[in-house]
Amino acid sequence: RLNLSRTYAIKSSVGGRTGICLGQCYLIKSVACKCKLSWSSQPPPDSRQHFRACSSASEALLTSQSDIRKLYVVNEKIGVLLLNLGGPETLDDVQPFLFNLFADPDIIRLPRAFRFLQKPLAQFISVARAPKSKEGYASIGGGSPLRQITDAQGEALMEALCEKDIPAKVYVGMRYWHPFTEEAIEQIKRDGITKLVVLPLYPQFSISTSGSSLRLLESIFREDEYLVNMQHTVIPSWYQREGYIKAMATLVEKELLNFPDPQKVMIFFSAHGVPLAYVEEAGDPYKAEMEECVDLIMEELERRGMGNPCTLAYQSRVGPVEWLKPYTDETIIALGQRGVKSLLAVPISFVSEHIETLEEIDVEYKELALKSGIKHWGRVPALGCEPTFISDLADAVIESLPYVGAMAVSNLEARQSLVPLGSVEELLAAYDSKRDMLPPPVIVWEWGWTKSAETWNGRAAMLAVLALLVLEVTTGHGLLHQWGILPPLP
């Protein structure tokens, strides 16, 4: 019988042939093991055909870690699906990309009764924001480099897996632009993948990032018989992994050396923001994971002899709702007023360069910092294809292989994220069971100077604005066309 607590594979060579069999091993004084071998011409039923049995042996040796890994890929086609946000590759792509972004209900959450307004509202916002967004993308070369960097990360990950004896194909699925997740899934089906590891390229889990991509995957899986039968598992977040933490600390350490007095530099972690309601009312673990991630990086820096002060703030808020605080721009101004002279920005939630690092941080926040009295400015680059980071991602994929097809929390030595390892459907079900749905802003109608009355007035105003917008779009006449916000009808 298979001892699940500690299993070793035994490799045997007979007449030039190599076979794999199972043996129970018991630790003796934690330094030696004694094996009871049992040989069979048929694979043991509990092994799920991950192991091959052989009928005789002349030499039995404990396999290396590499050989044990191979047990999980025998007769299997392993695939890794990298999930990312996506970005416009040309200026013409900016407006449709923004539409895809704001049409996502995990980005803009409307009350259930007004869900039908999601796409019209997304169209209005994308058209209104496109001119300013185009200016930003034009300043970084005319488009986002996110796809090229993600593709390079996928190639590097595939090479790292191959070096670790895991032949796997890596696919890239973007949420809001090409290659869309649906396109990646179709290629996975054409390649006949039998085991799939889903790896969002977001170190920390959030409803609006990893959660949104996983919900899309869930809907795709439910409608496809091939995908329903394909074994898969998800690595929802990996901010706590040792390789990632060390890679981030190394980048910070390197950039600190560029300052005249590295010990007096304030390390400024800037993370992508999310609406406050996601955390306080929907139970999004993003804030908690982000704060723990910062603590882990600072602990690693302290072990290396660096005791710099640090702070965490959130950038890229959109719309009138309250987002996670403190805000990055307000924090920079406050640090300047406090007399901070050296600031090192660390884009903690990004592993690839894109508009929010190359334009928002490198241009807008740098300019704001210098105006606020900060004399020395630096910025840690995104991880990209940093070797330690890529190797750690490969290890994360390998460690998840025993859990493909089963909802489970691993017993790995690495700290566990706040969201457990699991399949797409079960992961989201487990996550949703631990959080409350966002409450509707109004339950009953109330008269007078009340929050309810203000909300209903706002709803009426929104409907009126929407009606005017629809009328103007259909007729081609109105203030928005006169101001040049909407293009004329062809």
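**View 1. Glycine 79 stands opposite leucine 196 in S7.** The model is predicted: local features need pLDDT of at least 70, side-chain atom pairs count only at pLDDT 80 or more, and totals for chains, interfaces and linings use all residues. Residues are numbered from 1 along each chain as its sequence is written, and side-chain values use heavy atoms, with hydrogens and water left out. Strand S5 covers residues 78-84 and strand S7 covers residues 195-200. The two run parallel and are joined by six bridges. Helices (H or I, at least four residues) and strands (E, at least two) are DSSP runs, numbered from the N terminus. Strands of a sheet pair through backbone hydrogen bonds, either parallel or antiparallel.

**View 2. Four strands form an open sheet in the order S6-S5-S7-S8.** The pairing is parallel; two strands pair if DSSP finds at least two bridges between them. S6 and strand S8 (231-234) stand at the edges. Each has a single partner strand, so one side of each is left without a neighbour in the sheet. Neighbouring strands of this sheet are turned by 20° against each other on average, direction ignored. Helix H13 (residues 387-400) lies across S5, S7 and S8. Helix H13 runs at about 140° to S7. Axes are lines fitted to C-alpha atoms, for helices over the stretch in contact, and angles run from 0 to 180 degrees between N-to-C directions.

View 3. Threonine 150 is buried, at 0% relative accessible area. Buried means under 20%, exposed over 50%, and partly exposed in between (1.4 Å probe, protein chains only). Contact means heavy atoms within 4.5 Å. Threonine 150 and leucine 82 are 68 residues apart in sequence. Their C-alpha atoms are 8.3 Å apart in space. The threonine 150 side chain also reaches the backbone oxygen of leucine 146 at 2.7 Å.

**View 4. Glutamate 353 makes side-chain polar contacts with threonine 357 and arginine 379.** Glutamate 353 lies in the loop between strand S11 (342-347) and helix H12 (355-371). At 15% relative accessibility, glutamate 353 counts as buried. The polar contact with threonine 357 is 2.7 Å; that with arginine 379 is 3.0 Å. A polar contact is a pair of N or O atoms within 3.5 Å; within protein, one must be able to donate a hydrogen and the other to accept it, and residues adjacent in sequence count only if both atoms are side-chain atoms. Leaving aside neighbours within four places in sequence, glutamate 353 is in contact with Pro145, Leu146, Ile149, Leu358, Arg379, Pro381 and Ala382.

View 5. Proline 179 lies in the loop between strand S6 (168-174) and helix H5 (181-190). Proline 326 sits in the loop between strand S10 (310-315) and helix H11 (328-337).

**View 6. Aspartate 165 and serine 316 have positive phi without being glycine.** Phi of aspartate 165 is near 65°. Aspartate 165 is found in the loop between helix H4 (146-163) and S6. It is partly exposed, at 29% relative accessibility. Phi of serine 316 is about 65°. Serine 316 is found in the loop between S10 and H11. Serine 316 is buried, with a relative accessible area of 13%.

**View 7. Cysteine 293 is buried, whereas cysteine 310 is partly exposed.** Relative accessible area is 0% for cysteine 293. Cysteine 310 has a relative accessibility of 35%. The structure holds zero disulfides; a disulfide is a pair of cysteine sulfur atoms within 2.5 Å.

**Overview. The chain has 16 helices and twelve strands.** Buried residues make up 50% of its 490 residues. Among contacts with a separation of 6 or more, 74% join residues 24 or more positions apart. The accessible surface comes to about 24500 Å², and 55% of it belongs to carbon and sulfur atoms. Accessible areas come from the Shrake-Rupley method with a 1.4 Å probe; for residues, only the protein chains shown count as cover.
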